[in-house]
Amino acid sequence: MASSMQENGGFGVVQDNYPTIHKSPGEGGPTPNLADYEATRAAFSWDKIREELDGLPDNQGLNIAYEAVDRHVAKGQGDKIALRWLGKMGESREFSFDDLRRQTNRFANLLQTLRIAEGDRVFVLCTRIPELYIAALGTLKHRAVFCPLFSAFGPEPISERVNSGDGRVLVTTRRLYEKKVAPYRDILPNLEFVLLVDEEGGAIDLPGTLDLVRLMQAQSDEYTIGPTDPESMALLHFTSGTTGKPKGAIHVHQAVLMHYMTGKYALDLHDEDIFWCTADPGWVTGTSYGIIAPLLHGVTMLVDEPDFDGPRWYSILQEQHVTVWYTAPTAIRMLMKLGRDLAKQYNHPQLRFVASVGEPLNPEAVVWGQKALGLPIHDNWWQTETGGIMIANLPALDIRPGSMGRPLPGVTATIVRRLEGGGIEEVTAPDEEGELALKPGWPSMFRGYLHNEARYNRCFVDGWYLTEDLAKRDADGYFWFVGRADDVIKSAGHLIGPFEVESALIEHPAVAEAGVIGVPEPTLGQMVKAFVSLNPGYEPSEALKRELLGHARKRLGAAVAPKEIAFEEKLPKTRSGKIMRRLLKARETGETLRDTSTLED
Ligand code: ATP
Ligand code: MG
């Protein structure tokens, strides 16, 4: 990133088109936990957040699973439903906080029996079945490290992660094991125990494996959590691999303060909520907010086993009386593609708050939420490395569609520019792009990249953590995502953020999704090229191409609008649902792609 950032290609063109959505906090629902942004920030301290949690009995430290599960039982909430699970075949199961306490105790005792020690890594490769949640929390109770693997990974990403993470235990299912692990056992020399669940509920009798369900039955359902140093390793999460080889981010038990604080302020969880996070625990969102944060707040969390299915999702919102919903831009764009008429067939008057993370949320999607769901969608920003939500559209704040919102209490964010000779300078003028930077010190900040200290150290410059995302801050303190540093396009002296161009394209009724990249071109340096997938009822044609080019030129101006458009059946995405622009780029330039382990099928 050079200092020519001021030569602004066209940022702000799209955002100006969407009026601010004004909020009347508490209307039709509980008063938001954060009703006054400035006052809450001013009065905030992490010590006060710590006081809202219990800590282990007898001052034995801080353990994520104790706060999430046992604490509620100790307070007399043991009978409340903690987890409602909806299976693929229409079946469902419920676990109260006390059920979860006892099941996770059994799992922790099992690890003890297997002589798994504090800090040992327990990998879990499961679809969203109850055993995944029990293994995650039981692992944390035992002070071992929970390392989730996304169930759709192939054998290579699985073995690479298990090996680099020194996995001693793997919890998985019979089907996944037979297909993806058993043929590769000889390249997993350090993996000692494979604990299997049979999808059909049968007993397991496979060489080199143990029957998890049967072994758990033999364990006691009482377990005393040992002293837990808040700085001890709790979670190992791999990044999405959007920009290159996924990195293993290390998180500690202390992160629980962030999970709790953001569950309270960014997701606005209240006692009676039915909360649904659609992310898979194979990614950080699905663990921080699909397991930990809702349980910390003692709400009922829904888990739906199958993958995305529009009508099913709408009927879950309706029938399960979901009140707070946390999902992702890719899912919202898929729902948009299915049309507003489908959305209108369902009723979910209990739903009061919808949030999204993972990718920039196009302003068109925020507004679609209002029309189709009756609620705007609240974008928020964070990374695997940050462990929790950092910047968000909060319930009590007006929404500026296309903006990521404002930093959470306890979070200091700014925009910086990297200097030629090293070091950085802060960008203080509003609306100027630079790199998004965060002041270290929030509790869920990653404590390292696995086996890559040099890469970790490079993230910190002059007392700031640099995110490698480009953004700007407006005069009122709202942050706007511009693009990943790697994705910004330099064309004829302009710097162009792909998000702006993609957002303009998806305003057109024909366009479902867009991915925009810079293609090397001798006179311009880079030429803006867009790849688009179409909504039902539209077919690729030269006429449509011309129409889209014209639409973009009108919205963005000639300097920023794409010069070329290609139609795609489907855009390449990571398994966590992010558009993989580096694959589009590699295809254009004929380069071979470095790491495709997280590429969707
Ligand atoms: P890798 O680091 O392996 O390339 P990744 O950065 O996609 O992959 P994650 O940690 O899952 O891995 O994703 C974090 C990134 O996702 C952010 O740095 C940002 O680029 C993007 N992101 C997340 N939420 C938002 C958002 N609300 N707006 C814009 N971008 C977002
Ligand atoms: Mg990243």
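Tutor: One begins with the polar contact, defined as a pair of N or O atoms within 3.5 Å. In this predicted model, a polar side-chain atom of R484 lies 2.6 Å from an oxygen atom of ligand 1.

Student: How much of the area that ligand 1 exposes when taken alone does the protein bury?

Tutor: Ligand 1 by itself exposes 630 Å², and the protein buries 95% of that.

Student: Which elements give two or more residues to the shell around ligand 1?

Tutor: They are β14 (378-381) and β23 (479-484). With three residues, β14 gives the most to this shell.

Student: Which residues come nearest to ligand 1?

Tutor: A residue is taken as near when one of its heavy atoms lies within 4 Å. There are 22 residues around ligand 1, of which G241, T242, T243, T384 and R484 come nearest. For T242, a polar side-chain atom lies 2.4 Å from an oxygen atom of the ligand.

Student: Into which domains is the chain divided?

Tutor: The division gives domain 1 (57-238) and domain 2 (489-589). Their C-alpha centres lie 43 Å apart.

Technical notes: Residues numbered from 1 in each chain as written. Chains lettered and ligands numbered in written order. Predicted model: local features only at pLDDT ≥ 70, side-chain atom pairs only at ≥ 80, totals over all residues. Heavy atoms only, no water. Polar contact = N/O pair within 3.5 Å; in protein donor to acceptor, adjacent residues only side chain to side chain. Areas by Shrake-Rupley, 256 points an atom, 1.4 Å probe, with all protein chains shown as cover. Helix = DSSP H or I, 4+ residues; strand = E, 2+ residues; numbered from the N terminus. Domains from an automatic or database assignment.
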